[in-house]
Amino acid sequence: MTESRPAVEIHCDGACRGNPGPGGWGALLRSGEKIKELYGYKPHTTNNEMELTGAIEGLNALKLPSRVALHTDSSYVVKGMTEWIKGWKRNGWMTSTKQPVKNKPLWQALEAAAARHTVRWVWVKGHAGNRDNERADELANRGIDEAR
């Protein structure tokens, strides 16, 4: 029964200094009055890898199966999970142009992380004054800054 599951909002983001280059991810989790902030770093990565990692880490941080509204400014993440992944799997993880799907292990990890939850994928415009999206961006950059 999904109604009995806790409702959680996740705002996640990725950042990269150079693409590829050093990168960070951030996730802000909100359930009622509770807020949890997470962030991390990878020394050599891409922006898309960090966007995916922020979503994965946010979902994996949830202790219970939840009703999740996952907010991201990455249309790559939203479209990947809502439009493209079924075709990729059907085609043996090949794109419509018969190329291997980039970041396949991360897509598989995101799919697995989302599987125990009921997830609504929400695209938000980045750097447009959305408080929680801005905070997720700050966390992603903090991951880079603290590692340097």
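**Core, cysteines and pocket**

Modeller: This is a predicted model. The largest nonpolar core has 28 residues, and those touching the most other members are I10, L59, L70, M81, W107, L110 and W121.

Colleague: Which elements give two or more residues to this core?

Modeller: They are β1 (7–16), β2, α1 (47–60), β4 (67–72), α2 (75–90) and α3 (104–115). The largest share comes from α2, with 6 residues.

Colleague: What is L70 in contact with, leaving aside its neighbours within four places in sequence?

Modeller: L70 is in contact with I10, C12, A55, L59, V119, R120, W121 and V122.

Colleague: You mention C12. Is it buried or exposed?

Modeller: C12 is buried, at a relative accessible area of 1%.

Colleague: How many disulfides are there in the whole structure?

Modeller: The search finds 0.

Colleague: Changing topic, what volume does the largest pocket have?

Modeller: About 300 Å³. The pocket is lined by 13 residues, of which V8, S31, K34, L62 and K63 are the closest to its centre.

Colleague: Which elements give two or more residues to that lining?

Modeller: Those are β2 (21–31) and β3 (34–45).

Colleague: And how do the lining residues divide?

Modeller: Into 7 nonpolar, 2 polar and 4 charged.

How values were computed. Residues are numbered from 1 along each chain as its sequence is written. This is a predicted model: local features need pLDDT of at least 70, side-chain atom pairs count only at pLDDT 80 or more; totals for chains, interfaces and linings use all residues. Side-chain values use heavy atoms; hydrogens and water are left out. On a 1 Å grid over the protein atoms alone, a cavity is a set of points where a 1.4 Å probe fits but cannot get out, and a pocket is an open set with protein on both sides within 12 Å along at least five of seven lines; lining residues have an atom within 4 Å of a point. Grid points are joined across faces, edges and corners, and a volume is the space filled by probe spheres set on the points. Helices (H or I, at least four residues) and strands (E, at least two) are DSSP runs, numbered from the N terminus. Ala, Val, Leu, Ile, Met, Phe, Trp, Tyr, Cys and Pro count as nonpolar, Asp, Glu, Lys and Arg as charged, and the others, Gly among them, as polar. A disulfide is a pair of cysteine sulfur atoms within 2.5 Å. Buried means under 20% relative accessible area, exposed over 50%, partly exposed in between (1.4 Å probe, protein chains only). A nonpolar core is a set of buried Ala, Val, Leu, Ile, Met, Phe, Trp, Tyr and Cys residues joined through side-chain atoms within 4.5 Å. Contact means heavy atoms within 4.5 Å.
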